[in-house]
Amino acid sequence: MNADILLGLQWGDEGKGKIVDVLTPDYEIIARFQGGPNAGHTLEFEGEKYVLRSVPSGIFQGDKLNVIGNGVVLDPALFKGEIESLEASGHDLTKRLLISKKAHLILPTHRLLDACYEAAKGDAKIGTTGKGIGPTYTEKVGRNGLRVGDLLYDFETKYNAVKERHLMILAQNNFDVSSLEEIEKEWFQGVEKLKQFNFIDSEHFINKALLENRKVLAEGAQGTMLDIDFGSYPFVTSSNTIAAGACTGLGVAPGKIGEVFGIFKAYCTRVGSGPFPTELFDETGDKLRKFGFEFGSVTGRPRRCGWIDLVALRYAIMLNGVTQLIMMKSDVLDTFETIKACVSYKIDGQETEDFPFEADCNIEPVYVELAGWQTDMTGMKSENEFPEEFNNYLSFLEQELNVPISIVSVGPDRDQTISLLNKS
Ligand code: GDP
Ligand code: IMO
Ligand code: MG
């Protein structure tokens, strides 16, 4: 059995959480492979809404096993908050959530370092989520990190050594560390909560499951255009968000990857700083934000909005080897008379279909304009109900992207999901 992957093709917040939940009944194990509590994955069903940060989105569909893989970075304090709010709504995960011993720990001082480095950047701020993601991955690569498995062996000595080093850096930058004591208190309470879960060698667990023909779905966080290697660097996150990240983040060999589900919005959003060629600064952008309720699930920040960018999407599809596309939030365009799609860029008068090295340069998007469907699609249950203009939009995208669209989402609820059966 191969592992399937679901990942974002834009700048994050494509709707990964919703679709992982929808696909979960087909799988036995759902595993997060990178990122950390910078993610905010929203799920809505039966009138309830949940936002998951570190916990995989397969926890609400029966007794499926969920794994936090080695590629994830975990903050015990935030994890405790997440688990306790799930417990309060009747979801006990202690038997169903397994955590890799090799996942790296976000320490209290990593959070301070994140804020310190952002402050030092002045006007060139990345606009991080402030969760310590960058410093934690930096230390992983620098071979200075602490891992979940370290909690079991003489942790205090290791912790204090790292903390002293961090305090030196913070002092050199005159950074106020007065909040540290309080953060540490919560963090160590979080460690006690974390220890109630099973710490495992998740690479063995997942490969054994595949050998036993148990189906595994790898859940990505962030999006391809935030990938550390291929995203709009330096305005990216600090992990590999692409399909290859599922191999390193779970210990699954490339030949053991099956379907790659690439998920995108029918338009485009981004939160934080950095290039966004199709961004709209006018009332159309405001309309997308209002109708799409485009405010960060983690930070509440308004998301920047724009038309769909097929240059960036083709690039993402190439990098991930996407086998099936999933289009989200098409209902947000329900009232638009016309819809634009960027098919190429003009850079210094030259037209290109390649995403450029310097995406901060003066990119002029070249648009194709299509007729809108001007129909409320939120109650639709089958593709037979799709308006003609919507079908035209789907066909146009499939032709431009060269990959079939197999699912369309017409609202935030689990039930507002339509499988395009003739395509999957
Ligand atoms: P993720 O990080 O990729 O899981 O996405 P987020 O949860 O951060 O953001 C997606 C937002 O869109 C959430 O508020 C979802 O509830 C919502 N959403 C998901 N699918 C749809 C859809 O088809 N239509 C609408 N209107 N909202 C959706
Ligand atoms: P999900 O999984 C959208 C963005 C931040 C910032 C940059 C770096 O919900 O799609 P970081 O804290 O990772 O160092 O921030 O990446 N970012 C996200 N944007 N969705 C996310 O996750 C994101 N995670 C990080 O806004 O621009
Ligand atoms: Mg999100």
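A residue is called buried when its relative accessible area is under 20%, and exposed when that area is over 50%. The structure on display is a predicted model, and the tour below moves through it by selection.

**First stop: helix H9**

Select residues 283–291, which form helix H9. Within H9, Gly-285, Leu-288 and Arg-289 are buried. Turn the view to look down the axis of H9: the buried residues line one face of the helix, because they fall within an arc of 100°. The other side of H9 carries Glu-283 and Lys-290, which are exposed.

Next, inspect the two ends of the helix. At the start of H9, Asp-282 places a side-chain oxygen within 3.2 Å of the backbone nitrogen of Thr-284. After H9 comes Phe-293, which has a positive phi, near 45°.

**Second stop: aromatic pairs**

The structure contains 18 aromatic pairs. Select Trp-307 and Phe-336 to view one of them: the ring planes meet at 75° with the centres 5.9 Å apart, and the pair is therefore edge-to-face. These two residues are 29 residues apart and link distant parts of the chain. Trp-307 belongs to the loop between strand E13 (304–306) and strand E14 (308–309), whereas Phe-336 belongs to the loop between strand E15 (324–328) and strand E16 (338–347). Both residues, Trp-307 and Phe-336, are buried.

Proceed to Phe-386 and Phe-390, an edge-to-face pair with 4.8 Å from centre to centre and 75° between the planes. Phe-386 and Phe-390 are also buried. Then select Phe-155, Tyr-159, Trp-187 and Phe-188, which ring pairs link into a cluster.

Select Tyr-27 together with Lys-215, whose charged end sits over the tyrosine ring, 4.8 Å from the ring centre. A further selection, Phe-45 with Arg-414, shows Arg-414 over the face of Phe-45 at 3.9 Å from the ring centre.

Which residues coordinate the magnesium ion (ligand 3)? Select Asp-13 and Gly-40: Asp-13 contributes OD and Gly-40 contributes O, at 2.1 to 2.2 Å. Asp-13 lies in the loop between strand E1 (3–8) and helix H1 (16–23), and Gly-40 in the loop between strand E2 (29–32) and strand E3 (41–45), so the pair ties together parts that are 27 residues apart in sequence. Asp-13 is partly exposed, with a relative accessible area of 22%, while Gly-40 is buried at 10%.

How values were computed:
Residues are numbered from 1 along each chain as its sequence is written. Chains are lettered from A and ligands numbered from 1 in the order in which they are written. This is a predicted model: local features need pLDDT of at least 70, side-chain atom pairs count only at pLDDT 80 or more; totals for chains, interfaces and linings use all residues. Side-chain values use heavy atoms; hydrogens and water are left out. Rings of Phe, Tyr and Trp (its six-membered ring) pair if their centres lie within 6.5 Å; planes under 30 degrees apart count as stacked, over 60 as edge-to-face and the rest as tilted. Helices (H or I, at least four residues) and strands (E, at least two) are DSSP runs, numbered from the N terminus. Buried means under 20% relative accessible area, exposed over 50%, partly exposed in between (1.4 Å probe, protein chains only). A charge sits over a ring if NZ of Lys or CZ of Arg is within 6 Å of the ring centre and within 35 degrees of the ring normal. Donors are N, O and S atoms within 2.8 Å of the metal (3.2 Å for Na, K and Ca); water is not among the atoms, so sites may look incomplete. The arc is that of the directions from the helix axis to the C-beta atoms. A polar contact is a pair of N or O atoms within 3.5 Å; within protein, one must be able to donate a hydrogen and the other to accept it, and residues adjacent in sequence count only if both atoms are side-chain atoms.
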